[in-house]
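Q: Here is a sequence with its 3D structure. Please go through the calls made on it, and say what each one rests on.

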Amino acid sequence: MGAVRLRRVNRWQAQDLAGELVDLHMDSRETSAPEAYRLSGQDFLHRLTGDIRRPGFAMVIAETDGLVGCAFGFPVRSDSFWWFGFDGPVPTGVEQLTESGGVFAITDILVRPHPGDQEPARRLQERLLTDHRAALGATSVDQADHPTLAALRSWGWLDVGEISRPISATGLRVLVLPVGERAVARPEGQAHRAWTRWPG
């Protein structure tokens, strides 16, 4: 893989790239996710289209001689709809950041398979969050999708709880990524307690 360049695209450019993004989704999920958790190209396009319409939608793409990755999402609004169905109270620090507009939800991070190279994924998530001056990234993953959860945790995401929603019969794990801090892997219960106290 040559030098990877990152570039922000607006919602109209993202719409123009829809076909390439569907191909990227299919390539990135072919080996990284169990079959049960792979969205079809049409389902992915439907979700992408819905996200593009959300206020504050943003996308960063990674390119060499073609599209090799992307990350996209939207700000979590203070009405906190994103946290609907959270099991128990939302950790205090997370709730405070949501109310102040400091949380950005990353819907997806897609990177074409390249053995041993996770750097594009890390760079994409960092660029997307720093461009929006977010203090915290948030995402949710089917709790039975162990490969995706393991990848996110290896990139510094911390598990803070579970959300129950109709789209997932098994529940969704909620993970957060502090921006500008070195994320240290720690047991799930410790991560939850730390975020309950944060910020100090």
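A: A salt bridge here is a side-chain nitrogen of Lys or Arg within 4 Å of a carboxyl oxygen of Asp or Glu. This is a predicted model, in which local features need pLDDT of at least 70 and side-chain atom pairs count only at pLDDT 80 or more, while totals for chains, interfaces and linings use all residues. Side-chain values use heavy atoms, without hydrogens and water, and residues are numbered from 1 along each chain as its sequence is written.

Q: Why are D131 and R8 called a salt bridge?
A: Their side chains meet at 3.7 Å, N to O. The limit is 4 Å, so the pair qualifies. By this rule the count comes to nine salt bridges.

Q: What parts of the chain does the pair D131 and R8 link?
A: Distant ones: D131 is in helix α5 and R8 in strand β1, 123 residues apart. Helices (H or I, at least four residues) and strands (E, at least two) are DSSP runs, numbered from the N terminus.

Q: Why is D131 called partly exposed?
A: Its relative accessible area is 27%. Buried means under 20%, exposed over 50%, and partly exposed in between (1.4 Å probe, protein chains only). D131 therefore falls in the middle class. R8, at 43%, is partly exposed too.

Q: What makes R127 and D131 a salt bridge?
A: The closest N and O atoms are 2.8 Å apart, which is within the limit. Both residues lie in helix α5, four residues apart, about one turn of the helix. Elsewhere, salt bridges that share partners join R153, D159, E162 and R173 into one network.

Q: What makes β1 and β6 edge strands?
A: Seven strands form an open, mixed sheet in the order β1-β2-β3-β4-β5-β7-β6. β1 (5-9) and β6 (158-163) each pair on one side only.

Key
Two strands pair if DSSP finds at least two bridges between them.
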